Amino acid sequence: MELNEIMRTNGTCRFYKPDPVSDEILAKVLDAARWGPSGGNRQPLRFIAVRDQKKKTALKNLYLPIWNSYLEGVNAGKNRVGGRAKIIDDADYFANHLDEVPIQLVVCARLDDVHPTDVELDRLSIVGGASIYPAVQNVLLAARECGLGTALTTLLCVVEPQVKALLGIPEDVSTAAMVTIGWPVNAFPKKLTRRPLAEFAFTDHYNEGAIES
Ligand SMILES: Cc1cc2nc3c(=O)[nH]c(=O)nc-3n(C[C@H](O)[C@H](O)[C@H](O)COP(=O)(O)O)c2cc1C
């Protein structure tokens, strides 16, 4: 598959077949993470592929209350969602069937190897993620190339201590995401709903010289 097509059609998958994903395919998909960049090439990323049914159910039981309270916020107009209401219905189904997904990939990072350059600024630090999420995106793209669906989620980070206890994650390692991986029930989308380039790409000055695609 051509890279552009992989990127354009790699929507969040929330409906999975129960069919297993082989160790061989999983290894191929995760191997793509190795080629992601990281600050100083410190490579802080660690993965735990959760296949054990009891652990998958435990993670679902941790996820669901956070999802339900997020959903309450959406229904009350407090949490904003871009795009269609269908996202919410699909995400609700996903939350309630999270234990049926073949693999829950818990993404972790060794904090000593993350290099955030913006911690002294008087705002939310965002740079540390740059050593983690590009490699995770490689995994999403490699999975798509193999015909596997994925969903990148972060709600479980709210209950990081419980996730760490469940999976034996050491103190100096934090959780960064949980990616579900499996064979999709539905066909991949033909086109994702995204802003036009000109709305977020500028030349020489913020909000000026929009770059058109
Ligand atoms: C940082 C981040 C956190 C996310 N967390 C969740 C989540 O906890 N649960 C979920 O169902 N989807 C989650 N998503 C998926 C988004 O809802 C999805 O990327 C967005 O709706 C666009 O969907 P599309 O790629 O299918 O168009 C998350 C995505 C990102 C980038």
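1. The shell around the ligand divides into seven nonpolar residues, five polar and no charged, where Ala, Val, Leu, Ile, Met, Phe, Trp, Tyr, Cys and Pro count as nonpolar, Asp, Glu, Lys and Arg as charged, and the others, Gly among them, as polar. Its members are Gly11, Thr12, Ile87, Ala91, Phe94, Ala151, Leu152, Thr153, Thr154, Leu155, Leu192 and Thr193, a residue being near the molecule if its C-beta atom, placed from the backbone, lies within 6 Å of it. Helix H4 (86-96) and strand S3 each supply at least two residues of this shell; helices (H or I, at least four residues) and strands (E, at least two) are DSSP runs, numbered from the N terminus.

2. The model is a predicted one, in which local features need pLDDT of at least 70 and side-chain atom pairs count only at pLDDT 80 or more, while totals for chains, interfaces and linings use all residues. Residues are numbered from 1 along each chain as its sequence is written.

3. Four strands form an open sheet in the order S1-S2-S4-S3 with antiparallel pairing, two strands being paired if DSSP finds at least two bridges between them. Strand S1 (45-50) and strand S3 (149-153) stand at the edges with a single partner strand each, so one side of each is left without a neighbour in the sheet. From one strand to the next the twist averages 25°.

4. S3 is joined to strand S4 (residues 173-182) by five bridges, and the two run antiparallel; Leu152, which also belongs to the ligand shell, has Val179 in S4 as its bridge partner. Helix H6 (residues 160-167) packs on the sheet, touching S1, strand S2 (103-110) and S4, and its direction makes about 75° with that of S4. Contact here requires C-beta atoms, placed from the backbone, within 7 Å, and axes are lines fitted to C-alpha atoms, for helices over the stretch in contact, with angles running from 0 to 180 degrees between N-to-C directions.

5. The axes of helix H3 (residues 53-75) and H4 come within 10 Å and cross at roughly 160°, and H3 and H4 are therefore roughly antiparallel to each other (angles under 35 degrees count as roughly parallel, over 145 as roughly antiparallel, 65 to 115 as roughly perpendicular and the rest as oblique). Tyr63, Leu64, Trp67, Leu71 and Val74 in H3 meet Ile88, Asp92, Ala95 and Asn96 in H4, a contact of seven nonpolar, one polar and one charged residues.

6. Helix H2 (residues 23-31) and helix H5 (residues 133-145) pack at about 135° with axes 7 Å apart, which makes H2 oblique to H5.

Note on methods:
Contact = placed C-beta atoms within 7 Å.
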